[in-house]
Amino acid sequence: MYGDLPFTGSLLTLPLIVVGMILSLAGWILGRGRKAAA
Amino acid sequence: MSVATLIASKDGGSTIEATVVSIREQSDVYVVSDGSADGTAQAAAAAGARVFELAENVGKPAAIYRAVKAWKLTERYDALVILDDDTVVAPDFVAQALAQMRTGVSIVVGRTITQWGAERRWNVWLGSRTYAYWRYQVTIRRAQSAFNILNCISGSNSVYRSSLLDQVLIEETPYIVDDTYWTLETHRRKLGRIVYAPAAHAYIQDPTSFGAWYRQNLRWLWGTFQGIRGHRCGRTRSWFDVAYVMLMVDWALYVVGGPVMLGLVAASILWDPEWAIAAMGVGYFAWTIPAACFTKKWRLIPMTPAFVVIDWIYRVVFIHAIVKAIREPKVQSCRWESPARY
C-alpha cells in the first residue's frame, strides 16, 4: 500500500483494486479503439 | 441539462483567471470571493465570471451555501460544477462529466491530475501526488464507483445534481472537509449514486513543500476520521459500510504493519535485511514503473526511494489525525489555509 491519500487500501481491498484495474484497463482499451475509429 | 460552475475563492487572485477561462465556454461561471484581499473578485470578473463578494472569510462550505442561495443556482440549473480556485479543467470536462450523470446519479467525480510543470520537475511532493492520484484512481476509485461505495470525492473537481445540493448543502459542515460531509450524507440518506468519470480531466495544484503537504494531509485525514465517527461508518448494515470497514482494517494494517515488519527485519528474525529491502523495492517499483508509463512522467521512477520515505511520514500523519479527530470530532467553522499556489 502507498499512502499520501486518505483513501487507498491494499490487502483487504485487493478485490476492489483488481476490479478497478480491470475496469481501468478496459476503459483505456475502449478509449483507444474509439480514438482509432474516429 | 443546464449547468453552472461555482468557485469559492479565498485570495486566489493569481490562479482564478486560468480556472474561469478553462470552463467559461462550457458553462456559466460564478465566483464567490470569500473575504479575499488580493483582487480575486476583479480577476474573476475580468475573466468572465459573475462575482459575489463576501466581506469576511467564512470558509468554503459557507461561501458556497451563500452563493447558491444568493444566485438561486439550484433553482436555475439542473447541476452545478464545483471547482477549487486553482483547478484547470479540460475543454470537454463538463461534457464528459455529464455523460456519466445518468438517471439515479447525484455526484460525478472528475479525474484529478496534479499540475506538475517543468519548473518543479524534481519536486518530490508533486511527484508523490502524481503517483498517488494515478494509483488510487485506476484501482480503488474505479471499483468503488462501479459498486457505488465511493467514500471520498474530489472537492476540487466534481459535478452535483441541484436536487442533491438542495438536500445536503448546509452553511457550516461539522467536518473540516466539506465534501466528506456531502458524500456521507448522500450515502446515508440514499440520495443517489456517486460515480467517477475518468474521462473528465481536471488539473489541480498540490502542496510543494513538506509543511504544506503535512498540513493538507492532516486536514484530509482529520476530516475523514470525523466523518467515520460522525456518520458511524462501518456500523450500519450496507455494502458501503462493509467496504469501509475493509478499508479501515487496511489502514490499520498499513500504519501498524509497516513498523512491525521493520522491527522483524531489524531483529533479523524472519528474513535477511537485504532480502526484505529488495522485496520492498520490487513492490514499490512494480507500481511506480506503470505509473510513470501511463502518466508519461518518467521522473517517478528515480523518485521511488523518496516515496518510500514519504510513506513512512504519512503513517505519522495518520496517527496525528486520529488523535485530532478524537479531540475535535466536530468543527464549528470549516475554514483553512490553502497550500501556496504556484
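1. Chain B is split into domain 1, spanning 3–209, and domain 2, spanning 239–327; such bounds are taken from an automatic or database domain assignment. The model is predicted, so local features need pLDDT of at least 70 and side-chain atom pairs count only at pLDDT 80 or more, while totals for chains, interfaces and linings use all residues. Residues are numbered from 1 along each chain as its sequence is written, and chains are lettered from A, ligands numbered from 1, in the order in which they are written.

2. Between the C-alpha centres of domain 1 and domain 2 of chain B there are 29 Å. Contact joins 14 residues of domain 1 of chain B to 17 residues of domain 2 of chain B (two residues are in contact if their C-beta atoms, placed from the backbone, lie within 7 Å).

3. On the side of domain 1 of chain B that touches domain 2 of chain B, helix α6 (residues 124–146) gives the most, with seven residues. Helices (H or I, at least four residues) and strands (E, at least two) are DSSP runs, numbered from the N terminus.

4. Two lysines of chain B deserve attention. B:K72 is not a glycine, yet has a positive phi of about 50°. B:K72 sits in the loop between α3 (60–71) and α4 (73–76) of chain B. B:K72 is exposed, with 9 other C-beta atoms within 10 Å (exposed means 12 or fewer such atoms, buried 20 or more, partly exposed in between, with C-beta atoms placed from the backbone).

5. B:K190, also not a glycine, has a positive phi of about 50°. The loop between α8 (178–188) and β8 (193–204) of chain B holds B:K190. B:K190 is exposed, with 9 other C-beta atoms within 10 Å.
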